[in-house]
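Let's walk through this structure together, one interface at a time.

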Amino acid sequence: MAFENETQKLHDALVSCKVPEISKAVDEAHAAGMPATEIINTLGGSMSEVGVLFERGKLFLPHVLSAAAGMKKAMEALNDELSAGNSGGDVKASAVMGTVEGDVHDIGKSICSTMLQCAGFDVHDLGRDVPLGKFVDECKAGCTFCGMSALMTTTMVQMKTVIDNLKEEGIRDKVTVMVGGAPITQGFCDKIGADIYGESASETTRKAQDVLGA
Amino acid sequence: MTEYYTRMGDGRRVTMTKEQVMTDIQAGTADAADMAGIPALDANDIEHMCEIVIDQSRVVGVEPGHEVVMTYDIGQLDFTGDNGNSGNGVDMGRLEAALLHERALGADTFELSHSDYSIKPVKPVISMEMQAMEEIQSEIIAPYFYGAMPNMGLYYAPDGPYGNPADLMREFKIDESMASSEAAADHLARDIEFVTTRLQAAGSDGFNFDTTGSAGDADFVGTLNGVRILREQCPEAYINVGAAGESVMGIHGMMEFDGEIAAGLYPHQQCKLIAKAGANVFGAVCNTNTSRSLAWNLGRAVTFIKKAVEDSPIPVHVDMGMGVGGIPMFETPPLDAVARCNKAMVEIAKVDGV
Amino acid sequence: MDIPHLVASGMGGIRTAGDMVARMMYAKNMKLDVAKEYVAKKLGVTTMDLGDECVMRDLREELKIGSVTGIPGAPRGILAKMNIEDILDIKINSCEKFREKLRR
């Protein structure tokens with residue numbers, strides 16, 4: 001395997017979640033002739049591992065953010081080469097995220113937004129207690145992923161209203177609807193006709209990436 | 001091959017063979033052991049749990065003489081609340097709810113609570129809560145707490161004065177995010193002191209801190225700082241600290257209590273810090289995965305809780321509500337599943353209470 | 001949720017001696033077996049009896065520490081808790097606050 005040593009160093013640096021080490025590994029890999037797209041793909045794969053380690057309590061949110069900051073810095077450093085090849089660093093898709101109206105719990109949703117952002121999505125996080133029409137507005141404006149969260153059984157039913165509204169607007173087929181939160185199950189996801197149920201932030205992110213074939 | 005009725009983590013009834021149940025228990029216990037770095041259940045425990053899961057009686061239970069203490073959270077809201085907090089929607093006074101739990105439902109302890117069930121909103125109505133506590137204490141016999149969630153999310157924008165750490169982090173403002181968490185934790189500790197010491201003055205037996213750490217490690221540390229103050233000021237208080245999950249979520253990542261980083265602590269580690277803060281009882285939690293079977297969830301949950309019971313310097317009451325302790329995440333948890341999880345927690349994890 | 005838990009493993013509160021075992025857990029950090037032994041010794045019964053309605057119903061009435069049915073004239077609330085204080089050799093906060101308010 002070409003650049004085996006560099007690949008390992010990039011992986012180790014990203015999982016260490018230390019920005020200077022990530023930058024150093026990127027510089028060394030680039031100096032050794034590793035293509036920019038390969039560097040970014042290696043870091044992206046390692047980022048998924050960081051997400052799993054966060055989920056299992058081995059890493060914490062600041063670690064995830066440091067790793068993401070390191071990756072962002074790498075993309076800036078390699079920008080010229082990536083732009084020339086037009087094969088990396090692009091936004092994968094736009095996603096609107098929010099906790100549905102009447103529900104003020106947003107920690108899980110915020111972590112999911114962060115994970116999606118780290119995975120290259122352009123995230124429009126509307127926060128919590130989000131009026132249902134705003135989800136639809138964002139989708140009409142171009143978001144192709146719509147992530148809704150609820151922590152309460154009283155509020156989770158609103159997710160179906162958003163799906164119905166997307167249908168009324170004629171854009172349901174253009175949007176991947178993601179649902180999550182403590183009372184949400186795969187059965188509920190199926191029942192209301194959503195596309196993705198995420199048991200965790202990293203599972204949601206992985207499933208969203210799968211939709212794009214990333 | 002014989003198939004047995006059992007459940008999924010979302011409550012659906014499924015059939016599984018004994019071999020499938022054993023395989024799922026083994027996978028569940030292995031997952032917990034790997035996550036927390038603790039021993040998996042041994043062969044005897046796994047066999048015992050399997051027998052409990054595949055028992056075809058509708059209800060199972062422990063042998064007479066092996067009963068444990070039942071501590072109830074959420075106060076009267078299990079009657080009066082709507083389905084947002086799994087209540088029955090039956091409006092009644094808080095005295096009536098307390099006496100019903102004591103005299104009709106066999107509660108060993110019960111609690112008074114505010115309809116929001118969070119500490120912060122109690123401050124403006126503290127006199128009303130003190131009066132209710134005094135009145136109910138004159139009628140009730142069982143230990144009667146005040147209960148609320150620390151719910152540190154209420155201290156972040158837009159509900160509170162501090163920036164939302166998750167929002168700040170998405171802008172890569174990590175230092176600001178951490179500072180916001182620290183300020184909110186200090187504020188929470190002050191509010192805990194304000195609320196709890198007044199309720200003790202009104203005759204409360206103590207305080208139940210429910211879902212501690214729901215907003216992450218800063219919530220956990222802020223609560224323990226508040227618990228320490230309560231213990232110093234009210235040595236007589238009965239203090240129950242219940243966790244929010246099997247692991248303390250690292251939103252800040254570096255916050256410490258008594259020199260130990262809180263993020264990433266599992267129940268067998270949480271119990272030691274909670275005891276150091278001055279709590280009398282630790283409410284251990286393990287969340288249910290709705291996509292896995294009851295056997296997998298129970299194997300996993302009992303593994304975490306058993307180790308916590310072994311290592312805890314104080315009694316451990318396992319949280320066994322909807323979606324925790326192996327119980328399916330379904331608003332009307334099936335009776336058969338609840339009874340099985342209860343029996344396994346008592347007989348295998350050897351909890352002091354539920 | 002209360003009923004299945006009570007049926008599966010609950011001590012039973014004031015139906016039996018669950019309230020007193022709970023008090024010892026919280027007042028003295030006693031683990032389950034220690035708390036049961038302490039209460040059983042103070043009541044003069046076995047630990048098995050602590051969860052037996054037949055034993056505890058009569059005993060609670062005799063000791064004037066309250067029961068689940070309305071017995072006219074029998075102590076309940078603060079009065080019953082004061083008797084529990086004596087039996088278990090502990091102080092209960094609501095009783096302490098009650099005493100502080102008495103004029104004598």
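Buried area is the accessible area, taken with a 1.4 Å probe, that two parts lose on being put together, summed over both. Keep in mind as you look that this is a predicted model.

Start with chain A, which is divided into domain 1 (4–85) and domain 2 (94–212). The centres of these two domains, taken over C-alpha atoms, are 28 Å apart. Where they meet, 8 residues of domain 1 are in contact with 7 residues of domain 2. Together the two domains of chain A bury about 630 Å², with 76% of that on carbon and sulfur atoms. On the domain 1 side, A:Phe54, A:Glu55 and A:Leu61 lose the most area to domain 2, together 47% of what that side buries. Helix H3 (36–55) and helix H4 (61–77) of chain A are the elements that give two or more residues to this side. By class, the side holds 6 nonpolar, 1 polar and 1 charged residues. Across this interface the rule finds 0 salt bridges.

Now turn to chains B and C, where the contact takes 62 residues from chain B and 46 residues from chain C. These chains bury about 4100 Å² between them, 59% of it on carbon and sulfur atoms. In chain B, the residues that lose the most area to chain C are B:Glu67, B:Ile141 and B:Tyr238. The count here is 2 salt bridges; B:Glu139 forms a salt bridge with C:Arg76, their closest N and O atoms being 3.4 Å apart. There are also 29 residue pairs in polar contact between chain B and chain C, both residues at pLDDT 80 or more.

How values were computed: Residues numbered from 1 in each chain as written. Chains lettered and ligands numbered in written order. Predicted model: local features only at pLDDT ≥ 70, side-chain atom pairs only at ≥ 80, totals over all residues. Heavy atoms only, no water. Domains from an automatic or database assignment. Contact = heavy atoms within 4.5 Å. Salt bridge = Lys/Arg side-chain N within 4 Å of Asp/Glu carboxyl O. Helix = DSSP H or I, 4+ residues; strand = E, 2+ residues; numbered from the N terminus. Nonpolar A, V, L, I, M, F, W, Y, C, P; charged D, E, K, R; others polar. Polar contact = N/O pair within 3.5 Å; in protein donor to acceptor, adjacent residues only side chain to side chain.
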